Amino acid sequence: MPTVPIKPPAISPRVERLLLVPLFALPVLWLAGYFFPPINHDVAAILDVSARWVGGEKLYVEVIDENLPLTFVVHSLPVLTARLLPGSVAFWFTAWVVAGIFASFLACRRLVRLVPSADHALTAALLPPVLLFLFSVLPNEHFGQREHIMFVACAPYLIASMARAEAVTLTRGASIAIGLVAGVALAMKPHYLAIPAAVELYLLFRRGWRTTLADLIPWMIGLAAVAHLISMYTVFADFGLIIMPLAVEAYAPIGDAGWRDVLTSNVLGPTLIALLIFGIIATIFTKTLSARVLVVFGIGAALSAIGQAKGWPYHVLPALSAAILLAALTVSQTVDRYLPISRSGHHLPVAVISATLMVLLYFQAALYTPPFYKQRQFDDSIGGRLQHVLQQNAPNRTFLVLSPGIYPIWPMVNYLEGRMTMRFLSLWILQGVYATCDDFPALYNPPDTMGDAEKYVFDAVSDDFAREQPDLLLVDRIAGVPRCQGKEFDYLEYFLQNRTFADTFEGYEHLMDFDRYRIYRRKKK
């Protein structure tokens, strides 16, 4: 008796949309939450430096930060937008990042169709919503960090590299656009260049040197990196000649966890294990070249995090994103390869599998980091309460903060539209100089024995204090410096050694102790 073919379960287009639309609608709603304060503190500090630079202060002279020039060039875009259109710099920064996410997502969605191994029902359906999840949901409190921006900008490069590994040739215009956008993002930190180095090296072995030399994408990335390097010693010569040596001397020891500690950290360690496991499964069982490109991209991103040697979670964001995308690719490719679904009957299983996996990702993300917890508690946080104090006691919104940290001063400065009246955002140079106690016979170096970097900060901060005479002086009681000679490092006591600072301080009185800060206000005349 002949067997009757089993008719695949039917699904109406309306039900399919009901299953798949939330996978794209939910990230859009999630992105709306980032418009509420606070923005990330590191992002806020970079925006403040960019605003001061656009406002006329000389970068790396009148406002000093250790970040590379391209960082401030990129972040000047929302500053300029806020000058032309209604809305704050923080609002326009978020708006530009959201716009970049949608642009990258649309580009990736088109590029996925060019990858031969992704031309299957589940893979083609699953990768775009996973990418949108990685762009919009995974970053959470790290939204807008340079690692986040870099991954969003480089995602088309990643998908294009999958296609290039499978002998797909992109158009000249697409190659130039993908390479330049990725190149600008990758040049913001030198450590990021480990990613294209790993990817292009793999493609070189895969395709040969003739095809590699004719490919415009690596040339565009290299052009952006070289142009940025040249600008450090020409347009932004103060950075290359003064700030870079200063950063190498004083910034490198801060938070230096060492490459072994970073490698075995709570985030990077599991990420590397996941990359290894999914990479083996994808390479052996699905045999897709695109999976190998993802593994190589993830390894490059992990090397970038290790190279920064800080152990900060957001440094691992690109590697973690690559691992999650590789997991989705492994699952979808396995189903597509070993459980082939006919074009006529794929709608229901694809919709159900995609929805199930995406719900799992959202659920895990919510467990790992409660969504928008900083936004929900902002008014009661130290930043929100300190902002209220400064609103009441700083009529000109000017203040000088003696602290090694950025948070909560930023983003408070941004929301107050206030101004830090010293050229440094924090005392990171002193934190680096006094990173160890063994070399110092006294708690503070006498002024006549200070090195060049320390003496520069010692005098510059004092001069800025005397010249600007801000409404408030905030002194952080947590110096971020090891105890030495049985005593705590005190920034106020340290700078009172400077006669210029001490004379100016006579015009201030103690206002209050708030959390970790001693706050002094200028005496009324």
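Throughout these legends, contact means heavy atoms within 4.5 Å. This is a predicted model, where local features need pLDDT of at least 70 and side-chain atom pairs count only at pLDDT 80 or more, while totals for chains, interfaces and linings use all residues. Residues are numbered from 1 along each chain as its sequence is written, and side-chain values use heavy atoms, with hydrogens and water left out.

**View 1. Leu473 and its contacts in the nonpolar core.** Let's begin with Leu473, which touches Leu400, Leu402, Phe465, Leu492, Phe501, Phe505, Arg518, Ile519 and Tyr520, once residues up to four places away in sequence are set aside. Leu473 is among the residues with the most contacts inside the largest nonpolar core, alongside Leu402, Leu474 and Phe495. That core has 158 residues, and helix α6 (residues 146–165) gives the most to it, with 14 residues. A nonpolar core here is a set of buried Ala, Val, Leu, Ile, Met, Phe, Trp, Tyr and Cys residues joined through side-chain atoms within 4.5 Å. Buried means under 20% relative accessible area (1.4 Å probe, protein chains only). In soluble globular proteins, nonpolar side chains tend to be buried together.

View 2. Five strands line up as β2-β1-β3-β5-β4 in an open sheet with mixed pairing. At the edges sit β2 (419–420) and β4, each pairing on one side only. Strands are DSSP runs of E with at least two residues, helices are runs of H or I with at least four, and both are numbered from the N terminus; two strands pair if DSSP finds at least two bridges between them. Strand β4 (residues 508–514) runs antiparallel to β5 (residues 517–522) over 6 bridges. The hairpin leaves 2 residues between its strands, and Asp515 in the turn has a positive phi of about 50°.

**View 3. Ile64 in the loop between two helices.** Ile64 lies in the loop between α2 (41–54) and α3 (69–84). Because its relative accessibility is 0%, Ile64 counts as buried. Its contacts, leaving aside neighbours within four places in sequence, are Ile243, Arg423, Phe424, Leu425 and Tyr456.

**View 4. His228 on helix α10.** His228 belongs to helix α10 (residues 216–231). With a relative accessible area of 7%, His228 is buried. Apart from residues up to four places away in sequence, His228 touches Leu68, Pro69, Leu70 and Ala187.

**View 5. Helix α13 from end to end.** Helix α13 (residues 268–286) has 19 residues and reaches 25 Å from its first C-alpha to its last, close to the expected 27 Å. That expected span is 1.5 Å times one less than the number of residues. The buried residues of α13 are Leu268, Gly269, Thr271, Leu275, Gly279, Ala282 and Thr286. An α-helix has 3.6 residues a turn, so residues three or four places apart point the same way. After α13 comes Lys287, whose phi is positive, near 55°.

**Setting for the close-ups: the protein chain.** The protein chain holds 23 helices and 5 strands. Buried residues make up 54% of its 525 residues. Its C-alpha atoms fill a box of roughly 105 × 50 × 50 Å, taken along the principal axes.

Notes
Buried < 20%, exposed > 50% of the residue type's maximum accessible area, 1.4 Å probe, protein only.
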